[in-house]
Amino acid sequence: MKSKITTFTFLLVITLFSCNQGSQFTDYKYADKPATITCEGVNLKLLNEALYSFEDDIAKHYNKGNRAPRLDQAYSQIIRNSIYGRLKIEDIASKHTVAVFEALKKEEDLWDATNPKSHLNYNSKVLNCISSSIKDSSLKTTLNALISTNSMAPKLFGPALVSKSRNALSDKSLAMYITLDLFYAKMFDIDFSKVNFDKPEQKVDFNALPANNKPTTDSHADHNH
């Protein structure tokens, strides 16, 4: 009898473990959006969700009060605030983005817990894909040089991004790098159990971003709002 109970318990544990291991993120809000990057052997659906959720968050946060949110301005400010240590993720990230982050954490190849410069794994399949797909040749050269010499860090690559933040609108490989390294990688250091997500949400129309195709100068770009 004892042997049967032990066997049953063992099988139950294995079954539950298998179910947990096989569980996947299902709360997709942006599944109807265009694919962002094309990479083999990675969870593209989840990465796609991560980028759009990130863009939704920063557009809302950095354009409070504006009738036509500007994603280009939001990218400019998120890059500056992230690389210069002024980013307050707990004020920006939505509950949905945090849920996406929890799913991203299970993508083992994507992260490097031993890297003090960033939790992002610069030798992952995703980063290898991104580094070979960025459209701007100078940014691509700089990123690959930093990765190949094991000196890659947000503070080193970040300054090159500042003047070309607008590129993220048309180059989703670059946008994905910004999303992962300058935002999600930093979420590991936040205790979201203490964050209040009960704040009104503003609907963002991605088709209306940006309002025009002319570069803009944001006099408040260096300030966190």
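1. Serine 53 is buried, with a relative accessible area of 1%; buried denotes under 20% relative accessible area, computed with a 1.4 Å probe on protein chains only. The model is predicted, and local features need pLDDT of at least 70, side-chain atom pairs count only at pLDDT 80 or more, and totals for chains, interfaces and linings use all residues. Residues are numbered from 1 along each chain as its sequence is written, and side-chain values use heavy atoms, with hydrogens and water left out.

2. Serine 53 belongs to helix H2, where helices are DSSP runs (H or I, at least four residues) numbered from the N terminus. The side chain of serine 53 is joined to that of threonine 97 by a polar contact of 2.6 Å. Such a contact is a pair of N or O atoms within 3.5 Å; within protein, one must be able to donate a hydrogen and the other to accept it, and residues adjacent in sequence count only if both atoms are side-chain atoms. Apart from neighbours within four places in sequence, serine 53 is in contact (heavy atoms within 4.5 Å) with Tyr30, Ser94, His96, Thr97 and Tyr184.

3. Threonine 97 is located in helix H5 and is buried, at a relative accessible area of 0%. With neighbours within four places in sequence set aside, the contacts of threonine 97 are Ser53, Phe54, Asp57, Phe183, Tyr184 and Met187.

4. Helix H5 spans residues 95-104 and is mostly covered, 7 of its 10 residues being buried. These are His96, Thr97, Val98, Val100, Phe101, Ala103 and Leu104. They pack against helix H2 (44-62) and helix H9 (172-181).

5. The axes of H2 and H9, lines fitted to C-alpha atoms over the stretch in contact with angles running from 0 to 180 degrees between N-to-C directions, come within 10 Å and cross at roughly 75 degrees. The two helices are therefore roughly perpendicular, a class covering 65 to 115 degrees. Among the residues that meet are Leu47, Ala50 and Phe54 of H2 and Ala175, Ile178 and Leu180 of H9.

6. The largest nonpolar core has 57 residues, of which Tyr75, Ile78, Leu104, Ile178, Phe183 and Tyr184 touch the most other members. A nonpolar core is a set of buried Ala, Val, Leu, Ile, Met, Phe, Trp, Tyr and Cys residues joined through side-chain atoms within 4.5 Å. H2 gives the most to this core, namely 8 residues. Not counting residues up to four places away in sequence, leucine 104 touches Leu46, Leu47, Ala50, Leu110, Trp111, Leu180 and Tyr184.

Conventions. Buried means under 20% relative accessible area, exposed over 50%, partly exposed in between (1.4 Å probe, protein chains only). Angles under 35 degrees count as roughly parallel, over 145 as roughly antiparallel, 65 to 115 as roughly perpendicular and the rest as oblique.
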